[in-house]
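Here's a quick briefing for anyone opening this one up for the first time. Have a look at the sequence and the fold, and then we'll walk through a few spots.

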Amino acid sequence: MAVKSEPRNGHELSPLNVRLTDDGAGVTVVLTPAGSAAHGNEERASWDNKMQFMLSIIGYSVGLGNIWRFPYLCQQNGGGAFLIPFLVMLILEGVPLFLIELGIGQKMRLGSLGVWNTIHPWLGGLGIASCTVTFFVALYYNVIITWCFYYLFNSFQSPLPWASCPKLENGSAVPECEKSSETAYFWYRTTLDVSPSMEDSGGLKWWIVLCLLLAWTVVFFIVMKGIQSSGKVVYFTSMFPYMVLTIFFIRGITLKGASAGLVHMYTPKIDMLLNPNVWLDAATQVFYSFGLAFGSLIAFGSYNPPKNNCVRDVILVSTTNALTAIYASVVVFAILGFKARANVDKCILNLKLTNPVEANSTDYLNEHCSLAKQLDQAAEGTGLAFIVFTQAIVELPGAPFWAIIFFLMLLSLGIGSQIGILEGMLSCIFDIDFFKRIRKQYLTGFVCITCFCVGLIFATGAGEYWLKLFDSFAGTIGLVMIALLEMIAVMFIYGHEKFTQDIEDMTGYRPGAYWQITWRFLAPVIMTCILVSSIVFRILNKNTYMAWDANKGETVETEYPEWVMVVAILMVTASILPIFAVFLLRRFQCLKLDVDIHQGAIRRIDTTVSTKEMMADVDLDEYHDDSEDEDEEDCPPSRQRIGKAFKMEVMDF
């Protein structure tokens with residue numbers, strides 16, 4: 001039959017395409033070395049053992065958010081009642097998408113960029129988008145590690161530098177410190193030397209620059225060889241935080257006021273469950289606590305052997321993540337209960353010294369020195385870690401020891417998550433054929449140097465304000481949209497039946513009704529709600545940040561300047577633009593994707609009915625037996641197999 005050459009459609013993966021019929025039907029044939037993974041290659045890195053993989057993925061998923069975000073959400077959203085929507089969203093949203101990312105990575109043995117190009121080249125922008133978001137998040141996440149280093153270095157002295165206000169020459173305390181608190185002053189003035197607003201950068205702070213350089217240097221040496229180097233570090237970064245949490249737990253529950261803190265936090269307020277924002281907060285917390293849509297889970301899965309039981313891994317890691325968040329909340333509020341009781345005792349003592357008559361009145365004491373008011377002073381993020389918790393540490397006997405292990409714990413959690421974040425970005429880069437010619441250490445070093453240079457913006461006096469901007473915009477809308485499109489791509493383009501069969505082939509377990517319902521209906525609906533509500537919230541509410549007012553000794557709500565909002569919009573646009581750009585370029589033949597013959601996979605593209613049954617999705621070698629070799633010599637050359645060193649695979653679109 002004569003071969004008719006026609007213009008390419010922009011979605012073929014190989015230059016070996018031919019059109020066999022006038023109606024445009026045909027088959028794209030690409031050869032892969034026999035014995036290699038279906039969509040990967042034998043040279044891909046792999047975990048040394050199962051324990052290394054489990055600790056890496058736990059270290060990535062269990063991060064700072066479990067320590068300083070989840071307790072705050074519990075306190076603000078109904079106490080113990082918040083556990084109900086959290087667990088519901090964990091089951092309906094987190095676990096299903098977790099298995100999709102881990103499973104598809106393990107099946108194809110490719111990073112995020114390769115996976116979505118393989119499913120359909122029009123989806124190639126998903127890999128670029130997740131890589132872009134990961135870059136933004138890696139920039140500011142390492143700044144948190146920077147601050148932890150600074151506090152750790154300052155913890156090796158007694159008394160702790162944030163235990164008291166600095167004195168002026170006349171012996172009086174610095175007014176800014178007196179108006180705020182010792183720990184707030186040390187954070188805003190000593191550590192950050194914070195500017196009054198984002199429009200005043202305040203210049204670079206050399207001590208933060210040095211700590212930032214140290215943070216990126218440490219991260220570089222950990223990830224410079226991929227999982228060959230980072231896999232060794234996770235034994236410490238994943239297990240040490242649990243040891244510290246246990247030490248704090250044992251110490252915390254024995255402190256005066258610990259029970260009050262736990263009762264305050266976990267007393268359920270069932271009426272809060274009627275508030276839709278509570279459910280939205282739970283869904284958002286589950287989404288970010290797993291680190292979904294960064295491409296990191298896909299990369300981690302791609303280093304697993306093809307027959308690894310990823311379903312069991314997902315259930316174990318999900319359970320560990322949830323229990324860690326609850327466990328950390330118990331520790332945090334036991335310590336905060338102790339801090340609140342200590343503040344109340346100080347307040348009562350001061351009242352008795354200044355106003356002994358009124359201090360004898362119980363009602364007066366409850367009004368001015370209320371334990372409930374102290375416990376209601378909620379804090380999250382940096383405020384909880386560097387202001388509230390450090391104040392509690394000062395009250396503990398042997399405060400420097402507790403400060404050292406606390407910030408070592410935060411460092412371990414931060415570095416563990418940063419390893420996973422960078423692995424998601426680097427795996428995308430390493431899967432690009434051009435960069436495979438560059439040694440991994442050099443490419444990783446270039447990425448880290450670039451991130452350090454861009455990250456200098458966080459080492460200025462306005463650094464904390466920029467970090468909050470990145471946290472609010474860089475990793476929110478873009479990540480949720482990527483996750484939603486990932487689920488749609490796997491379920492409705494790759495095919496839920498094919499993915500279900502893949503899971504069964506790899507694990508021996510066939511996902512049943514729970515997985516099918518959550519994959520195809522519930523999880524997409526939940527993520528759509530998160531996406532829409534996030535956009536609506538940004539549009540309807542003023543975008544503000546908390547700026548430090550040195551005259552008042554407190555933070556004041558300040559609206560972002562217009563030019564800063566332009567930067568925020570550009571970040572969001574950069575996160576989602578690749579998705580649409582790649583789709584349009586390949587859809588309208590502006591961009592073609594060709595890969596080397598040894599990297600490709602055989603695909604059927606718009607096959608006709610007459611060829612569809614012939615081109616079944618099977619690996620021919622899997623069903624080939626020795627008896628077929630004897631008959632093959634009698635076949636015409638055109639029908640003989642190309643050779644034992646190669647295999648054929650056909651995939652439906």
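Let's start just past helix α8, where D193 takes a positive phi of about 45 degrees. Helices here are DSSP runs of H or I with at least four residues, strands are runs of E with at least two, and both are numbered from the N terminus. Keep in mind that this is a predicted model, where local features need pLDDT of at least 70, side-chain atom pairs count only at pLDDT 80 or more, and totals for chains, interfaces and linings use all residues. Residues are numbered from 1 along each chain as its sequence is written, and side-chain values use heavy atoms, with hydrogens and water left out.

- D193 sits in the loop between α8 and α9 (206–223), and it is a residue other than glycine.
- With a relative accessible area of 26%, D193 is partly exposed (buried means under 20%, exposed over 50%, and partly exposed in between, using a 1.4 Å probe and protein chains only).
- Helix α8 itself (residues 182–191) is mostly covered, with eight of its 10 residues buried; among them are Y185, F186, W187 and Y188.
- A293 isn't a glycine either, yet its phi is positive at about 75 degrees.
- You'll find A293 in the loop between α12 (276–289) and α13 (296–302), and it counts as buried at 0% relative accessibility.
- The peptide bond from S158 to P159 is cis, with omega near 0 degrees, and P159 lies in the loop between α6 (124–154) and α7 (175–179).

**The whole chain**

- The chain has 25 helices and seven strands, and 55% of its 653 residues count as buried.
- Among contacts (heavy atoms within 4.5 Å) with a separation of 6 or more, 82% come from residues 24 or more positions apart.
- The accessible surface is about 28,300 Å², and 63% of that belongs to carbon and sulfur atoms (areas come from the Shrake-Rupley method with a 1.4 Å probe; for residues, only the protein chains shown count as cover).

- Helix α4 (residues 83–108) packs against helix α21 (residues 477–507) at an angle of about 65 degrees, with their axes 10 Å apart (axes are lines fitted to C-alpha atoms, for helices over the stretch in contact, and angles run from 0 to 180 degrees between N-to-C directions).
- Residues of α4 including P96, L97, I100 and I104 meet a set in α21 that includes M487, V490, Y494 and F499.
- By class, this α4 and α21 contact has 14 nonpolar, two polar and four charged residues (Ala, Val, Leu, Ile, Met, Phe, Trp, Tyr, Cys and Pro count as nonpolar, Asp, Glu, Lys and Arg as charged, and the others, Gly among them, as polar).

**Two buried residues worth a click**

- Q418 is found in helix α18 (residues 399–430) and is buried, at a relative accessible area of 0%.
- The side chains of Q418 and N142 are joined by a polar contact of 3.3 Å (a pair of N or O atoms within 3.5 Å; within protein, one must be able to donate a hydrogen and the other to accept it, and residues adjacent in sequence count only if both atoms are side-chain atoms).
- S329, in helix α14 (residues 310–354), is also buried, with a relative accessible area of 0%.
- Not counting residues up to four places away in sequence, S329 touches F70, P71, M265 and Y266.
- S329 and F70 are 259 residues apart along the chain, but their C-alpha atoms are separated by 7.1 Å.
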